[in-house]
Amino acid sequence: MLRYIVWRIAVMVPTLLIISALVFTIIELPPGDYFDSYVAELRAQGEGVDSDRIEMMRKEYGFDKPPVIRYFYWVGGMLQGDFGYSFEYELPVRDVVGDRMWLTVLVSFVTIIFTWLIAFPIGMYSATHQYSWGDYGLTFLGLLGLAIPNFMLALILMYFANIWFGTSIGHLMDQQYLGQPMSWDKAKSILAHLWIPVLIIGTGGTASMIRRLRANLLDELHKQYVVTARAKGLSPFKTLVKYPLRMALNFFISDIGSILPAIISGAEITAIVLSLETTGPMLIKALQSQDMYLAGSFLMFLAFLTVIGVLISDLALALLDPRIRLQGGSTK
Amino acid sequence: MNTHSPLPAPGAPLQHYVSTAPFDPQSVEAMTPEQAKVFQASQLRLMWWKFRKHRLAVVSGVFLLALYLVIMFCEFLAPYNLHTRNMDFIYAPPQRVHLFHNGQFVGPFVYGRQMTLDMDTLKRNYTEKQDEVQPIRFFCKGDSYRFWGLIEGDRHFVCPAENGQLFLAGTDRLGRDVLSRIIYGARISLTIGLVGISFSFVLGIVIGGLAGYHGGVFDLIVQRIIEVLQSIPSIPLWLSLAAIMPITWSPILIYFGITVILGLLDWTGLARAVRSKLLALREEDYVLAAQLMGAKSSRIIGRHLIPGFMSHLIATATISIPGMILGETALSFLGLGLRAPITSWGILLTEARSVSVIAFYPWLLLPMVPVVLVILAFNFLGDGLRDAADPYK
């Protein structure tokens, strides 16, 4: 088991390196840099431009050096916990980002739990009642969640929440807690606001999860050991739960790897519409103003989150399923 | 003992008996006509039969086919032009089609409208003028257009009465007919997925094919790249790539850029499918036979392997089209995708950006209906195709 864990973590290193190179390329691609757009903005406002100061800042942040060197600076800095400097906010990226990253993790985590809670019983029901009306209806509901664009669902829910409960459901906490340090009341307020984004983001992910659980469970149910168990007179409940479900559970856990990117994607869009205090709204602003270190850190963080999620799901799977553990170290 | 044919006299040759009735050597294992039909059916025919069993998939297929027909003739089918503005009818709610006026059958018609401005809220209120009957005309002359930008024309399938209006889905803030815009928007929204998928299809087959057939270092690198691309959440990646596109580009170029972005990031799933299928198929005996006969690997892949899993690929591709359509909607909604004057469903939904629009002008949400229907249809169609892809199961 230890060997498997070490091997699995070692594989993460090249993956993260490629991701960082990709992210850096993306944020480098737009022509010009932040200072160009900054100067253009100042000119547009009719203000004088202190070109000496701009040049100095360029030098300070290494913009006079070729991109490859800057890439190594950036990666090296990140390894030491220095994510660079946000030009837009004139603060280190770490201070700008603040709790946003943790709130993103919180929203994603709760959404996954929610998705499981919904998808698990529905998938089980659909598989055991294949081609029944309940199967069709529930699958259809799941697909409907997939088909309605997240941002529209967010808008519509915002409207109805306003009418029915009289509350505004934008943001992830009550107004008075914005920018405040974490406290008990703030945590309660966050929990009270959490359900709307979780509901919206979760609807997108459940459909594929239901579909996969249903398919996997159906595969298991058609295997001979189930027939044997039934022939020997095992109760239907036990025939379902004892082995087929345990096998399908494996897929459930390995699915985290594929569902996490989808959930984070959905969370970004929803966060922008609901103006949540997560990474989404800030990422899009940073991208538009070419605040490259801020945008790069966000992208890196989101990718890191999914890589960690996949790692956790792989390790959990290895714990559950000895067959995976045994082939650790060998390449497939 | 057969009494009908008496034994020949001793010493005489035995009489040779030949039955004149036709003899079918397979009479024992003869098949009924139905069985024979199944037995001799080609693979394509078997797939079709299997596909037909999935009712929802067939309905979805017909629905999508109809929609693609619509986008071919949208100039003709839309009652108004894309940019026709009716300045007297801004934010007009949808009109209802009636058949009977004062208990008398008139055929489909709408009532005329009277607009009053609420001076307190500046909200436009529209009331129906119950005495003004405006019969809907069919195959009539309306706004002139250039069909596909080439042929001049002014025939429409439906148009309003002379000097009348026909806003079956209401109008937007510039007084443009929402229904016409939905019809025109379908042209972009439905093709963007197809163009994107064709990009990812080519990339997926080539890269996945090479990785699967040759294996080795190339396979290892491709595997890593796929893993990376799949582990980055797609929407942030789309956002950042879309943000790269210069503002100076023309709308058409941006449309092209967006499809390339959607395609470039979507090939991973297909490449994986191709690779794993190739890994399994290249061990088949017929591949070995082809190799022994000296076929080149390009011929083996192209002639023997790809036809073997084309159906799977098409099914996989169908399921990934909705993602692209949704991606376009989301990007456009955030102002990073297509831009006006290009009209897609995503662009139309940007009109319904704020909660106040939903409160006052809910008909601006109507473009969501085709989006949801199309995505459902593609999903069902993909399910049906996937089931049909392996008809021997």
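Begin by selecting Ser275(A), which is exposed, with 12 other C-beta atoms within 10 Å; here a residue is buried if 20 or more other C-beta atoms lie within 10 Å of its own, exposed if 12 or fewer, and partly exposed in between, with C-beta atoms placed from the backbone. Ser275(A) has a positive phi of about 45° although it is not a glycine, and its place is in the loop between α13 and α14 of chain A. Helices (H or I, at least four residues) and strands (E, at least two) are DSSP runs, numbered from the N terminus.

Before going further, note that this is a predicted model, in which local features need pLDDT of at least 70 and side-chain atom pairs count only at pLDDT 80 or more, while totals for chains, interfaces and linings use all residues. Residues are numbered from 1 along each chain as its sequence is written, and chains are lettered from A and ligands numbered from 1 in the order in which they are written.

The axes of α13(A) (residues 256-274) and α14(A) (residues 279-288) come within 7 Å and cross at roughly 85°, the axes being lines fitted to C-alpha atoms, for helices over the stretch in contact, and the angles running from 0 to 180 degrees between N-to-C directions. The two helices are therefore roughly perpendicular to each other, a term for angles of 65 to 115 degrees, whereas under 35 counts as roughly parallel, over 145 as roughly antiparallel and the rest as oblique. From α13(A), Ala267(A), Glu268(A), Ala271(A) and Ile272(A) meet Gly280(A), Pro281(A), Leu283(A) and Ile284(A) of α14(A), where contact is defined by C-beta atoms, placed from the backbone, that lie within 7 Å. This contact has six nonpolar, one polar and one charged residues; Ala, Val, Leu, Ile, Met, Phe, Trp, Tyr, Cys and Pro count as nonpolar, Asp, Glu, Lys and Arg as charged, and the others, Gly among them, as polar.

Now select Ala295(A), which touches Ile27(A), Leu283(A), Ala286(A), Leu287(A) and Ser240(B), not counting residues up to four places away in sequence. Together with Phe298(A), Leu239(B) and Ala242(B), Ala295(A) touches the most other members of the largest nonpolar core, which has 161 residues; such a core is a set of buried Ala, Val, Leu, Ile, Met, Phe, Trp, Tyr and Cys residues joined through C-beta atoms within 7 Å. The largest share of this core, 15 residues, comes from helix α5 (residues 178-214) of chain B.

The contact takes 37 residues from chain A and 30 residues from chain B. On the side of chain B that touches chain A, the largest share, eight residues, comes from α7(B), and by class this side has 22 nonpolar, six polar and two charged residues.

For another view across the two chains, select α1(A) (residues 2-28) and α6(B) (residues 216-231), which pack at an angle of about 65° with their axes 10 Å apart. Pro14(A), Thr15(A), Ile18(A), Ile19(A) and Leu22(A) of α1(A) make this contact with Arg224(B), Glu227(B) and Val228(B) of α6(B).

Finish at Phe139(B), in strand β4 (residues 137-147) of chain B. Phe139(B) has a positive phi of about 45° although it is not a glycine, and with 10 C-beta neighbours inside 10 Å it counts as exposed.

Conventions
Two residues are in contact if their C-beta atoms, placed from the backbone, lie within 7 Å.
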